[in-house]
Amino acid sequence: MRVMVAIGGNAVLRRGQPPDVAVQTNNIHTAVRTLARLALEHELVITHGNGPQVGLLASQGAPGHRAPYPLDTLGAQTQGMIGYWMQQALQNALPGRQVIAMVTQTLVSAVDPAFGDPAKFVGPVYEREEAGKLAAEHGWTVKQDGAQWRRVVPSPAPRRVVETRLIHRLVREGVVVVCAGGGGIPVVRDERGRLSGVEAVVDKDLTSSMLAESLECDTFLILTDVPRVLRGFGTPHQKEITYTTPHELRAMEFPAGSMGPKVEAVCRFVETTGDMAAIGRLDQAERILHGAAGTIVTPNGRWPLTSTL
């Protein structure tokens, strides 16, 4: 099969961990043990989060300059950094297999309403007082994330990954492709067709869903640190969801800043392609593909797909 895997930012840097290179590369090596096993049997495309890294670099600013680097530039910087770590780890785990990490751009609309309502969390968490000081110092917008506070930025809807045709060609040739890190570098196209970056972050899962459809993937997996999606999350009646449909998922409510975009991403893929998508733990990826773990989403709520007649 052709499999799109979107790994969460926690696969690179878990909440509460120091952002040291050794910590992040060790986490990536752990993730790659699972990803390499998938690559042995399937055509594999990998996307990844970059929220903690972008937030950290944005707070540091550019040495010797008053203005920090803009978010599109930080997105490119973190794509290169994380992509390099993942590419090298995959090459070491898959000797003889071609692996490439691509810096990729995601086209968005310059008039997307998200630019007027920043809502995407990036960077580390802060106590309320510290978050307020940083917001005043850097001109950030901050919002509460659980018990703590984080920076929020505009998150316009992805319209197309600019390099889609090139990615498709590489995948057909058997190359393991790491791309669209952090949802891709957000760009807009002017009236002359020229691209330029914008101050935003595109949701990684929504970009991955769109790209999986464009690449004609058979399966779309969102792999994170939770074993399954929970119905009634945070209530006494919460329950794990094993097999479900987009229709059933859309009838439920999920947190906008965490599980909500993941659910929306898998629903879009299944509704558009009629294929399987799933949300589950990274270390259970192989079991998810066999329907033995995770939350499996299909048109009829069954896996493998069977006739409803």
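Predicted model: local features only at pLDDT ≥ 70, side-chain atom pairs only at ≥ 80, totals over all residues.
Two strands are taken to pair if DSSP finds at least two bridges between them.

## Strand β10 and its partners

Strand β4 (residues 105-107) and β10 pair in the parallel sense over three bridges. Within this pairing, Gln 105 has Ile 185 of β10 as its bridge partner. On β11 (residues 195-197), β10 has an antiparallel partner, and three bridges join the two strands.

## The open sheet β5-β7-β6

Another group of strands is an open sheet of three, ordered β5-β7-β6, with antiparallel pairing. Because β5 (120-126) and β6 (141-145) stand at the edges with a single partner strand each, one side of each is left without a neighbour in the sheet. From one strand to the next, the twist averages 40 degrees. Helix α4 (residues 128-138) packs on this sheet and touches β5, β6 and β7; the direction of α4 makes about 125 degrees with that of β5.

Strand β7 is mostly covered, with five of its six residues buried. The pairing of β5 with β7 is antiparallel and runs over four bridges; in this pairing, Lys 120 stands opposite Val 153 of β7. The pairing of β6 with β7 (residues 148-153) is also antiparallel and extends over five bridges. Along it, Lys 143 stands opposite Arg 150 of β7, and Asp 145 has Gln 148 of β7 as its bridge partner. A hairpin with two residues between its strands is formed by β6 and β7, and Gly 146 in its turn has a positive phi of about 70 degrees.

## Helix α5

In helix α5 (residues 164-172), the buried residues are Thr 164, Ile 167, His 168, Leu 170 and Val 171. Seen down the axis of α5, these buried residues fall within an arc of 165 degrees, so they line one face of the helix. The face of α5 turned away from the buried side carries the exposed residues Arg 165 and Arg 172.

The cover over the buried residues of α5 includes the strands β1 (2-7), β2 (43-48), β3 (99-101), β8 (160-161) and β9 (176-178). Helix α6 (204-214) is also part of that cover. After α5 comes Gly 174, whose phi is positive, near 90 degrees.

## Gln 53 in helix α2

Gln 53 has its place in helix α2 (residues 51-60). Its relative accessibility is 4%, and buried means under 20%, so Gln 53 counts as buried. Leaving aside neighbours within four places in sequence, Gln 53 is in contact with Val 12, Leu 13, Gln 24, Thr 78, Met 81 and Ile 82.

## Cavity and pocket

A search of the whole structure finds one cavity of 30 Å³ or more.

| Space | Volume | Lining residues | Closest to the centre |
|---|---|---|---|
| Largest cavity | about 70 Å³ | 13 residues | Asn 50, Val 54, Gly 75, Gly 182, Val 201 |
| Second largest pocket | about 240 Å³ | 14 residues | Asn 10, Arg 14, Thr 224, Leu 282, Asp 283 |

For the largest cavity, α2 and α3 (71-93) each supply at least two residues of the lining. For the second largest pocket, at least two lining residues come from each of α1 (21-41) and β12 (219-224). Helix α1 gives the most to the lining of this pocket, with four residues.

Definitions and conventions
Residues numbered from 1 in each chain as written. Heavy atoms only, no water. Axes fitted to C-alpha atoms, helices over the stretch in contact; angles between N-to-C directions. Contact = heavy atoms within 4.5 Å. Buried < 20%, exposed > 50% of the residue type's maximum accessible area, 1.4 Å probe, protein only. Arc of directions from axis to C-beta. 1 Å grid on protein atoms, 1.4 Å probe; cavity = no way out; pocket = protein on both sides within 12 Å on 5 of 7 lines; lining within 4 Å. Points joined across faces, edges and corners; volume = space filled by probe spheres on them.
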